[in-house]
Amino acid sequence: HTHTHTHTAGPAIADRIIVYEVASHEPTDMQYKVKEKIVKHVECSLLVVCSQNLVLCLEKRLQSLSFSGEKIREWVMESQIRYIKVVGGPPGREGLLVGLKNGQSYQAGCCG
């Protein structure tokens with residue numbers, strides 16, 4: 001799955017993640033340029049892009065990674081994660097809404 005935040009997108013590829021940003025400030029111009037390349041094998045079922053980091057999900061585990069690929073924070077939930085959404089906030093401090101398979105939901109900070 002690929003999710004976007006404002007003007008960035010982050011498709012996961014087998015051995016790397018490429019983060020793109022809008023190349024122009026024109027609202028109708030949908031051309032993108034490479035913002036960051038993270039050469040690192042990651043396993044994830046969900047991925048969201050925040051302004052300054054990525055959040056990857058695999059089963060019960062969430063990991064926040066910097067655009068250089070360093071792990072910033074990790075959360076382990078009590079049930080499998082089914083949904084992640086960036087819910088706004090200042091750049092670098094965005095909020096995450098996390099929905100679990102058991103019906104519970106949590107709110108966390110993208111970077112901590």
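Mentor: Start with exposure: a residue is buried under 20% relative accessible area, exposed over 50%, and partly exposed in between (1.4 Å probe, protein chains only). This is a predicted model, where local features need pLDDT of at least 70 and side-chain atom pairs count only at pLDDT 80 or more, while totals for chains, interfaces and linings use all residues. Residues are numbered from 1 along each chain as its sequence is written, and side-chain values use heavy atoms, with hydrogens and water left out.

Trainee: Is Arg16 buried or exposed, or in between?

Mentor: Arg16 has a relative accessible area of 33%, so Arg16 is partly exposed. Asp15 is partly exposed too, at 40%.

Trainee: What do the side chains of Arg16 and Asp15 meet in?

Mentor: A salt bridge (a side-chain nitrogen of Lys or Arg within 4 Å of a carboxyl oxygen of Asp or Glu). Between Arg16 and Asp15, the N to O distance is 3.1 Å.

Trainee: How many salt bridges does a search of the whole structure find?

Mentor: Four. Another one joins Lys33 and Glu21, at 3.9 Å from N to O. This pair links distant parts of the chain: Lys33 sits in strand β5 (residues 32–39), Glu21 in strand β4 (residues 16–22), and they are twelve residues apart. Strands here are DSSP runs of E, at least two residues long, numbered from the N terminus. Lys33 is partly exposed at 42%. Glu21, at 24%, is also partly exposed.

Trainee: Which residue forms a salt bridge with Glu74?

Mentor: Arg61 does, with the closest N and O atoms 2.8 Å apart. Glu74 lies in strand β9 (residues 71–76) and Arg61 in strand β8 (residues 61–66), so their bridge ties together parts 13 residues apart in sequence. Salt bridges with shared partners also join Arg61, Lys71 and Glu74 into one network. Arg61 is partly exposed at 38%.

Trainee: Now a sheet. What is the order of the three strands in the open sheet?

Mentor: First the rule: two strands pair if DSSP finds at least two bridges between them. The order is β10-β11-β12, and the pairing is antiparallel. The edge strands are β10 (81–86) and β12 (105–109), each pairing on one side only. Neighbouring strands are turned by 20° against each other on average, direction ignored. Such angles use lines fitted to C-alpha atoms and run from 0 to 180 degrees between N-to-C directions.

Trainee: Over how many bridges do β11 and β12 pair?

Mentor: Five, with β11 covering residues 95–100. Look at Gly95: it stands opposite Gly109 in β12.

Trainee: Which residues make the nonpolar surface patch?

Mentor: A patch takes residues with over 30% relative accessible area and no salt bridge, joining like charges within 9 Å, or nonpolar side chains (Val, Leu, Ile, Met, Phe, Trp, Tyr) within 5 Å. Here Tyr83, Val87 and Leu97 make one of about 240 Å², with areas from the Shrake-Rupley method with a 1.4 Å probe. Find Leu97 in strand β11. Leu97 is partly exposed, at 32%.

Trainee: Where does Ser79 lie?

Mentor: In the loop between β9 and β10. Ser79 is at 9% relative accessibility, so Ser79 counts as buried. Contact means heavy atoms within 4.5 Å. Beyond its neighbours within four places in sequence, Ser79 is in contact with Glu59, Lys60, Leu100, Lys101 and Asn102.

Methods. Helices (H or I, at least four residues) and strands (E, at least two) are DSSP runs, numbered from the N terminus.
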